Amino acid sequence: LSDRLQNTIKKITGKGKVSEQDVKEMTREVRLALLEADVNFKVVKDLIKRIKERAIGQEVLESLTPGQQVIKVVKEELAELMGGEQSKIAVANKPPTVIMMVGLQGAGKTTTTGKLANLLRKKHNRKPMLVAADVYRPAAINQLETLGNQLDLPVFSLGTEANPVDIANQAIEKAKEEHHDYVIIDTAGRLHIDENLMGELQEIKQSVNPDEVFLVVDSMTGQDAVNVAESFDEQLDVTGVVLTKLDGDTRGGAALSIRAVTGKPIKFAGMGEKLDQLEAFHPDRMASRILGMGDVLSLIEKAETQVDEKKAKEMEEKIKSMSFTFEDFLEQMDQVKNMGPLDELINMMPGANKMKGMKNLQVDDKQLSHVEAIIQSMTKQERVEPSVINASRKKRIAKGSGTSVSQVNRLLKQFEDMKKMMKQMTSPKKGKKKGMNFP
Ligand code: GDP
Ligand code: MG
């Protein structure tokens with residue numbers, strides 16, 4: 001999705017308070033990104049409406065982390081758009097279950113036929129048989145036979161002379177005899193949608209009456225994939241989609257639109273060339289991926305799971321061990337540096353960004369050397385009892401540390417805020433709100 005959307009997401013994620021304006025800005029970006037990805041106009045409109053309703057609703061505004069909750073809503077609605085809960089594979093009342101693979105040449109049909117068989121056997125303990133019904137290229141049959149060898153699974157083939165409809169029917173008979181419970185038919189593809197090919201596929205379909213017709217599409221082809229899906233579905237009424245090469249697709253446009261445009265579920269995702277790289281398609285994971293950005297994703301996860309107990313304890317100890325005088329602060333400067341940016345640490349705590357003073361807590365490395373110099377220019381008394389630092393002392397400290405009075409002021413303010421916050425976090429009664437893991 002667009003960079004702009006990602007920026008908006010980043011901006012909103014950390015917000016302790018979300019305004020209607022924020023939500024509007026966010027949904028506008030989502031809308032543009034989806035339209036850019038060619039998602040149907042009406043689908044986008046409905047989606048945005050739902051996001052707005054939920055994002056401006058109580059669910060979000062009353063939560064501890066509204067910014068993150070808004071993203072969560074977007075994520076959930078995107079997942080819903082891609083089909084919500086992942087779909088299952090059909091099981092015929094009378095075995096074998098017949099699966100027909102269709103799609104353009106190069107989409108990954110043959111590879112996916114092998115992968116699917118592998119998955120069915122490994123994960124579901126099934127006994128699949130592969131069928132080579134792509135008779136136009138000898139190499140296609142060889143390719144499937146090689147896969148069958150690698151997997152140690154039978155491949156049914158009648159060579160290149162036979163009719164694909166006959167091949168499919170005879171394969172099913174054989175499968176019955178040999179008690180195979182799944183038959184996966186690899187069909188021919190063309191580079192483009194082609195009437196002859198469609199006719200042939202329709203014939204096979206009518207003749208064998210498959211339990212599933214899986215359309216294999218290359219996610220890297222983006223919007224073309226959507227168009228291809230639309231025409232295949234019109235002519236063959238597919239039951240599900242396999243998105244291949246998702247390992248190389250960073251945009252997720254195809255994933256979003258295919259479901260929205262065809263209404264057919266994406267059932268599997270190809271994640272690489274290897275035979276074990278086929279996964280059930282998880283709309284929620286895909287939504288996370290589309291929203292991209294590891295950092296945002298991890299924030300969402302944090303919003304969902306809260307910080308775990310152990311982490312919370314560790315952090316608490318770290319915070320507690322920071323003593324409250326500048327003196328100690330100086331001594332522990334290295335420790336502070338090792339902790340990483342203070343604001344980041346505090347941000348990780350659920351509900352933290354609702355606390356006042358967050359903005360003043362940012363301590364980055366560059367600032368740290370100034371901080372160090374300022375504290376070094378303080379007298380012992382000033383370090384322990386900063387309240388004695390009046391205007392003239394501030395001037396002296398600024399001069400001594402090569403900083404400015406406003407920098408000194410900022411540090412003093414930060415320090416006050418930090419102390420307040422630590423008190424809130426470590427005092428036993430406060431912060432008992434839901435989601436706060438601190439005692
Ligand atoms: P077909 O013409 O539809 O049968 O396509 P093939 O199964 O022959 O695959 C075409 C190419 O795409 C091959 O080089 C496959 O290794 C590759 N391929 C298939 N699925 C995936 C996938 O999920 N990820 C990646 N990276 N490559 C894939
Ligand atoms: Mg093939």
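The following questions and answers concern a predicted model.

Residues are numbered from 1 along each chain as its sequence is written, and chains are lettered from A and ligands numbered from 1 in the order in which they are written. In this predicted model local features need pLDDT of at least 70, side-chain atom pairs count only at pLDDT 80 or more, and totals for chains, interfaces and linings use all residues.

Reader: Is glutamine 150 buried or exposed, and why?

Author: A residue is buried if 20 or more other C-beta atoms lie within 10 Å of its own, exposed if 12 or fewer, and partly exposed in between, with C-beta atoms placed from the backbone. Because glutamine 150 has 11 C-beta neighbours inside 10 Å, this residue counts as exposed.

Reader: How many residues of strand β5 are buried?

Author: Strands are DSSP runs of E, at least two residues, and helices runs of H or I, at least four, numbered from the N terminus. Glu212, Phe214, Val216 and Asp218 point one way from β5, Val213, Leu215 and Val217 the other way, and all are buried. For β5 (residues 212–218) the count of buried residues is 7 of 7.

Reader: In β5, which residue is the bridge partner of isoleucine 99?

Author: Strand β1 (residues 97–102) pairs with β5 in the parallel sense over 4 bridges. The bridge partner of isoleucine 99 in β5 is glutamate 212.

Terms used: Two strands pair if DSSP finds at least two bridges between them.
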